[in-house]
Amino acid sequence: DGSMNFAPGHRWGVFPAFSLGWVMSEEEFFQPLKNVVSFFKVKGSWGMMGNDNVTAYQYMSQYKFIDLNNTSSMCFGDEVVKAIYESRTANPLITWEKAKTLNLGLSTQFLNGKFGLDFDWFHSNRNDILCYRNASIPYYAGMTLPQENIGEVTNSGIEIIATYRDRAGDFEWGTTGNLTYAKNKVNYMDQT
């Protein structure tokens, strides 16, 4: 993928994804269980995504990194002139934020689809998140460092979905419930 939000040389990224599933209930060895477990599938996927959701041309100082609200007044003889000054340096090296996600799970149905149970485990690692180095430069320096691709966050957990379906004559009904547990951890963020 390519994005004009980054400087030349940092605009392109490759973000592959793979998935694989096996419906074991279609195999010959599974047939003795079909009257109880009518469907059984194991699945897995891995993928990488890129995020370019930054202000366009953020790498250039004449755009985001000049804060036009930072004004000062200067005197030239009897004349007072308004001026702007650069409050932050530019970073031409910013690039894609990346997320790598692994998902493993299984899908089942029992008694000809009357009951269903899906289970998924996921783990996602986001890195190269744009962050400021707030702890690396003292406040009295008078300048804010630009954003850099230094942040990292992980997110992992499980999701369980249970279903029940039934019918009476022409009337069909069903209910579904899900339970999700997720844990997020900030691995790195340069903060005071």
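Phe119 sits in strand S6, where strands are DSSP runs of E with at least two residues, numbered from the N terminus. For the labels, buried means under 20% relative accessible area, exposed means over 50%, and partly exposed is in between, with a 1.4 Å probe and protein chains only.

Before I go on, a quick word on the model. This is a predicted model, so I took local features only at pLDDT of at least 70 and side-chain atom pairs only at pLDDT 80 or more, while totals for chains, interfaces and linings use all residues. Residues are numbered from 1 along each chain as its sequence is written, and side-chain values use heavy atoms, with hydrogens and water left out.

Now the strand pairing, which needs at least two DSSP bridges between two strands. S1 (residues 17-23) runs antiparallel to S2 (residues 37-51), with seven bridges, and Ala17 faces Gly47 in S2. S2 is also antiparallel to S5 (residues 97-110), this time through 14 bridges; there, Lys41 has Ser107 as its bridge partner.

On to the rings. How many aromatic pairs does the structure hold? Seven, counting Phe, Tyr and Trp rings (the six-membered one for Trp) with centres within 6.5 Å; planes under 30 degrees apart are stacked, over 60 edge-to-face, the rest tilted. Take Phe15 and Trp96: their centres are 5.1 Å apart and their planes at 65°, so this pair is edge-to-face. The two are 81 residues apart, with Phe15 in the segment before S1 and Trp96 in the loop between S4 (79-84) and S5. Trp96 is buried because its relative accessible area is 2%, whereas Phe15, at 22%, is partly exposed. Ring pairs also bring Phe6 into a cluster with these two.

Last stop: Asn187, in strand S8 (residues 171-188). Asn187 touches Asn125, Glu152, Val153 and Thr154, leaving aside residues up to four places away in sequence; contact means heavy atoms within 4.5 Å.

How values were computed. Helices (H or I, at least four residues) and strands (E, at least two) are DSSP runs, numbered from the N terminus.
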